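This briefing concerns a single protein model.

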Amino acid sequence: MMGVMASEETRAVKPTAARVPSAEGPLPPAPRAWAVRLVVVGIVLSALNLRPAITSLGALLEEVRDGLGMSGSVAGLLTSVPPLCFAVFGVTAPRLARRFGAGAVVCAGMVAITTGLLVRPYTGSTPGFLAASALALMGIAVSNVLMPVIVKRWFPDRVGSMTGLYSMALALGTSAAAAVTVPLTDALGGGWQSGLAVWGALAGAAVLPWIPLVRDKGPGSAVGSVHARVEGAGPVQHVHARVEPTALRITRSRTAWALAVFFGLQATAAYITMGWMAQIFRDAGVPAGTAGVLLAVTMVMGVPLAFVIPRVATRLPHQGPIVLALGVCGLAGYAGLYLAPAAGAWVWAVLLGVSNCAFPLALTMVGMRARTGAGVAQLSAFAQSTGYLISIPGPLLVGVLYQHSGGWGLPIALMIGLMIPQMAVGVLAGRDRTVEDEAAAAAP
């Protein structure tokens, strides 16, 4: 994805533009070394905190339900809160970043995560727990959206490597919270409250690198700044020019809709997995600690594959074969959970971890399905906001089916059923075409 974006930027800017000040005024200074180092630390620490609020809860969901007296339906609602918050609050991130700067918004997001994680275990009620969780997830939502923006702005010549670092840190945080929350809870005295609250300390550490950057909006403006590699002009030239946004009717593109639905269905599978997979294993007789490790294995599969899948995808004219391969792994993993959840637990965890890597594939296709930077931004906002809205009912429906059927047969059948349309729309989204061309062809 990032390679495609970089090549598009290179074509869009002439080499001479790097040496001619625009009519808007003098070029901004190059980024300061200390600020760049802080941004690297901030990106890594922030990425580590973008999923523990979810996977730590998944590891202790049974204890939280018992402690707060939650029904299965309410627990399903709890697992639906993440995509709801991502859809509602994520769309506000670009506007907030334009007004306050991306660094300031991410700093505030880390503060929200810290506060929510520290408060929610001690609210003593289900509504309070949900409200504090929503506060933490609000911080995750805005940070989730702005991390790629910050990477692109500060590291225009290293987008691929920095995105890989960011993805690796995100996967590590996700898997670590799943693996060590139960042992940490035991070490801290066995209370689920302390086992959840401890993750607030990691989020608090992520606030610190952003504080000096609150007033620093980065090397270039948030909108209208083009960063390009200019031939014969050294390693990287930061080319700053006013770029007028294009009027792209994204909803006229079939590929945009296919990508949005694909994003939504893969997010549904991911949040069902994070919220319920550990409980599926526990109900099959797997010890709580082992169930947490199995969830961690599923999450940690994203560490190596987040590097591999985007590189392979950008070399193919059609990403459909990757979509199908990931879907087959998901179908096999769900079938295993249905037939022999405990006997083949490690195999099912690995297969579902591979299937969940549809997320980096979806992000890669966002960059490949648009020709311009403005098109990528519009497609990303549309696909993610629409996709997260689509994903909201899934975890809730799993909780309802689990409660009323008394077992995991119907919920797993639902997961299998959702994988089929995910594969179909993923193949459509993977076709070699751009949303700009489709929108223009559909215009009256």
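The model is predicted, with local features needing pLDDT of at least 70 and side-chain atom pairs counting only at pLDDT 80 or more, whereas totals for chains, interfaces and linings use all residues. Residues are numbered from 1 along each chain as its sequence is written, and side-chain values use heavy atoms, with hydrogens and water left out.

**Overall architecture**

- The protein has 21 helices and 0 strands; helices (H or I, at least four residues) and strands (E, at least two) are DSSP runs numbered from the N terminus.
- Of the 444 residues in the protein, 55% are buried.
- Contacts (heavy atoms within 4.5 Å) between residues at least 6 apart in sequence join residues at least 24 apart in 82% of cases.

**Helix geometry**

- Helix α2 covers residues 33-48, and its 16 residues should span 22 Å at 1.5 Å a residue; the end C-alpha atoms are 23 Å apart, in agreement with that value. The expected span is 1.5 Å times one less than the number of residues.
- Buried positions in α19 are Gly394, Pro395, Val398, Gly399 and Tyr402. Viewed down the axis of α19, these buried residues fall within an arc of 140 degrees, so they line one face of the helix; the arc is that of the directions from the helix axis to the C-beta atoms.
- Glycine 406 follows α19 and has a positive phi, near 75 degrees.

**Helix packing**

- Two packed helices are described by the distance between their axes and the angle between them. Axes are lines fitted to C-alpha atoms, for helices over the stretch in contact, and angles run from 0 to 180 degrees between N-to-C directions.
- The axes of α12 (residues 254-283) and α19 come within 8 Å and cross at roughly 30 degrees. This makes α12 roughly parallel to α19, where angles under 35 degrees count as roughly parallel, over 145 as roughly antiparallel, 65 to 115 as roughly perpendicular and the rest as oblique.
- On the α12 side, the contact is made by Thr268, Tyr271, Ile272, Trp276 and Asp283; on the α19 side, by Gly394, Pro395, Val398, Gly399 and Tyr402. Those residues of α19 are also listed as buried.
- Helices α15 (residues 320-339) and α20 (residues 409-429) have axes that come within 9 Å and cross at roughly 175 degrees. The two helices are therefore roughly antiparallel.
- Residues of α15 that meet α20 include Gly320, Val323, Leu324, Gly327 and Tyr338, and their counterparts in α20 include Gly409, Ile412, Met419 and Val427.

**Buried residues and their contacts**

In the contact lists below, residues up to four places away in sequence are not counted.

- Threonine 55 lies in helix α3 (residues 52-59) and is buried, its relative accessible area being 0%. It touches Thr174, Ala177, Ala178, Met274, Leu295 and Met299. Its C-alpha atom is separated by 9.0 Å from that of alanine 179, 124 residues away along the chain.
- Isoleucine 309, in helix α14 (residues 302-314), counts as buried at a relative accessible area of 7%. Its contacts are Ile322, Leu326, Cys357 and Leu361. Isoleucine 309 and phenylalanine 359 are 50 residues apart in sequence and 10.0 Å apart in space, C-alpha to C-alpha.
- Serine 355 belongs to helix α16 (residues 345-355) and is buried at 5% relative accessibility. Serine 355 touches Leu326, Cys329, Gly330 and Met419.
- Valine 435, in helix α21 (residues 435-442), is buried with a relative accessible area of 0%. Between valine 435 and isoleucine 250 lie 6.9 Å in space, C-alpha to C-alpha, for a separation of 185 residues in sequence.

**Cysteines**

- The structure holds 0 disulfides (pairs of cysteine sulfur atoms within 2.5 Å). Cysteine 329 is in no disulfide, and the nearest cysteine sulfur, that of cysteine 357, is 9.6 Å away.
- Cysteine 107 is buried, at 9% relative accessibility.

Definitions and conventions
Buried < 20%, exposed > 50% of the residue type's maximum accessible area, 1.4 Å probe, protein only.
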